[in-house]
Amino acid sequence: MTFQVWGWRREASQVWAWVPDAEGRRRAAMPRRTPATKDPTAVERANLLNMAKLSIKGLIESALSFGRTLDSDYPPLQQFFVVMEHCLKHGLKVRKSFLSYNKTIWGPLELVEKLYPEAEEIGASVRDLPGLKTPLGRARAWLRLALMQKKMADYLRCLIIQRDLLSEFYEYHALMMEEEGAVIVGLLVGLNVIDANLCVKGEDLDSQVGVIDFSMYLKNEEDIGNKERNVQIAAILDQKNYVEELNRQLNSTVSSLHSRVDSLEKSNTKLIEELAIAKNNIIKLQEENHQLRSENKLILMKTQQHLEVTKVDVETELQTYKHSRQGLDEMYNEARRQLRDESQLRQDVENELAVQVSMKHEIELAMKLLEKDIHEKQDTLIGLRQQLEEVKAINIEMYQKLQGSEADLKEKNEITARLEEKTNKITAAMRQLEQSDNDLLTQTRTIAMSLVKCASSDTQDQYKLVKDISF
C-alpha cells in the first residue's frame with residue numbers, strides 16, 4: 001500500500017524475497033522496494049487539487065454553519081487564499097530581471113483584463129492601492145477583490161481557456177495548464193453562495209508568508225475508534241515524514257537562495273566597478289566638454305574681430321561710393337540744365353520759323369524741314385530722358401545693393417563704369433545737338449540771305465523783317 005501526501009511517497013509494505021543458502025535452506029533476503037511509477041509533477045497537481053477541495057469545502061461549510069459575512073480574520077478564509085496562491089504558483093516560469101529573479105502570479109492575473117472586459121475595474125483598483133509595493137501583494141489583493149465580487153471562477157475560467165497565452169507564464173506541466181486547473185475553477189463556483197467583506201486597503205499583503213496550516217484539515221483522535229486511531233497515527237507519521245522532507249527541500253532551497261544571493265553580490269560588485277569606470281568616463285567627458293567650450297569661445301572671439309574688420313572695410317567702400325555718386329549727381333544736374341537751355345533754344349527757333357512761314361511759301365517749306373529736324377531732336381531728347389531715368393533707377397539699385405558682399409561691390413563698380421560711359425555718351429549727344437543747332441542756325445541764315453536777294457520786288461517792311469530774321 002502506498003500513501004501519498006504532497007509528492008512524498010512512503011511504502012507501507014515491503015516485498016521480501018527468499019533465496020537458498022549454501023546448505024539448501026531458504027533465508028530471507030534484504031527487503032526490496034517497488035519502483036515508483038507516477039510522475040512527481042502529476043502527484044503535486046493531485047495534492048494541490050485535494051488541498052483545494054478541502055479548503056473550498058471547509059470554507060463553504062463553516063460559512064454556512066455560522067451564517068454570517070466573512071472578514072479578513074477568518075482562518076478558513078485565510079487558508080483558502082494561501083492554497084489558491086500555491087495553486088497559481090505551481091509550474092510558474094522564472095523571469096530574470098536586472099537585479100533578481102522574478103516569479104510572481106501577478107503576470108497571468110493581469111492578463112485577465114485583456115480577456116475579460118469586466119475585470120478592468122478590479123485591475124485598476126489594485127494598481128491604485130497605495131500600500132502595495134510588490135507584484136505578489138497586488139496578486140493577493142486581486143484574489144480578495146475577485147472573491148468579494150463573486151467573479152473569481154469566471155475570471156480564472158477565461159484565463160485557463162487561453163492556453164497559448166498562459167504558456168508564456170507557466171510550464172507545460174503546471175496546474176493551470178492541466179485538467180486539475182479546470183476542476184479547481186469548477187469548485188470555485190461554489191464560493192458564490194458566501195459573502196466576504198474584506199478590507200484590502202489597510203492590510204499588509206506584501207510581507208505575508210503563505211504557509212498552509214494542515215491542522216485545520218486533520219481529524220481529532222477522540223472522534224474515531226481504535227482502528228481509526230491507528231490509521232490516524234500512521235497518517236500523522238506520514239505527514240511528519242513529509243514535513244521533514246519538505247523541510248529538507250526548503251533547506252536546499254534556502255541554500256540555493258544563499259548561493260544566488262552570493263552571485264548577486266558578486267554581480268553587484270561588478271556593477272559597482274562598472275559604475276566607478278562610468279563615473280571616471282563622465283569626468284573625462286566633462287573635462288573634454290570644458291576644453292571644447294574654451295576653444296569655442298576663442299573661435300567666437302576671432303570671428304567677431306574678423307567681422308569688425310570686415311565692417312570697417314565695408315563702411316570705407318560705402319563712403320567711396322557716396323563720393324562717386326555725388327559726382328554723378330552733379331553731372332546729371334549739368335545735363336539737365338543743358339537740356340533746359342536746348343529746350344529754350346528750340347522754342348526760339350519755333351517762333352522764328354512761325355514768322356518765316358507767314359512770309360513766303362519757300363520759307364514754309366524750309367520751316368517744315370526744320371520742324372521735322374526738331375521732331376527728330378525731340379525724339380532724341382526723349383531717349384536721353386529715358387536714359388537719365390535708367391541712370392536714376394540704376395543709382396537706386398546700386399544704393400540698395402551696397403550692403404552686399406565684395407562680389408556685389410565689384411558689380412556696382414562695373415555699373416558705375418557703365419554709368420560714366422553713358423554720361424559721356426549723353427555729353428557727346430549734347431554736343432551733337434549744339435552742333436546741329438548751330439548748323440540749323442547757319443541754314444536759317446542762308447535761307448534768309450537767299451530771301452533777301454529775292455526780296456527786291458517786295459515791300460520795304462518785308463525786307464526789314466527778312467533782314468531781322470537773318471541777323
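Reader: At what angle do the axes of helix 2 and helix 6 cross?

Author: The axes of helix 2 and helix 6 cross at roughly 120 degrees and come within 11 Å. Axes here are lines fitted to C-alpha atoms, for helices over the stretch in contact, and angles run from 0 to 180 degrees between N-to-C directions. Before we go on: this is a predicted model, where local features need pLDDT of at least 70 and side-chain atom pairs count only at pLDDT 80 or more, while totals for chains, interfaces and linings use all residues. Residues are numbered from 1 along each chain as its sequence is written, and side-chain values use heavy atoms, with hydrogens and water left out.

Reader: Which residues in helix 2 and helix 6 meet?

Author: From helix 2, L77, F80, F81, E85, L88 and K89 meet L136, R140, L143, R144 and L147 of helix 6. Contact means heavy atoms within 4.5 Å. By class, that contact has 7 nonpolar, no polar and 4 charged residues. Ala, Val, Leu, Ile, Met, Phe, Trp, Tyr, Cys and Pro count as nonpolar, Asp, Glu, Lys and Arg as charged, and the others, Gly among them, as polar.

Reader: And how many residues of helix 2 are buried?

Author: 11 of its 15, so helix 2 is mostly covered. Buried means under 20% relative accessible area, exposed over 50%, and partly exposed in between (1.4 Å probe, protein chains only). Among the buried ones in helix 2 are P76, V82, M84 and C87.

Reader: What span should helix 2 have?

Author: Helix 2 covers residues 75–89 and should span 21 Å at 1.5 Å a residue, which agrees with its end C-alpha atoms being 21 Å apart. The expected span is 1.5 Å times one less than the number of residues.

Reader: Switching topic: which loop is K150 in?

Author: K150 sits in the loop between helix 6 and helix 7 (152–161). K150 has a positive phi of about 60 degrees although it is not a glycine. Most residues other than glycine have a negative phi. With 31% relative accessibility, K150 counts as partly exposed.

Reader: And L353, buried or exposed?

Author: L353 is buried, with a relative accessible area of 2%, and it lies in helix 10 (residues 226–359). Leaving aside neighbours within four places in sequence, L353 is in contact with M367, L370, E371 and I374.

Reader: Last one: how many helices and strands are in the protein chain?

Author: The protein chain has 13 helices and 6 strands. Helices (H or I, at least four residues) and strands (E, at least two) are DSSP runs, numbered from the N terminus. Of the chain's 471 residues, 28% count as buried.
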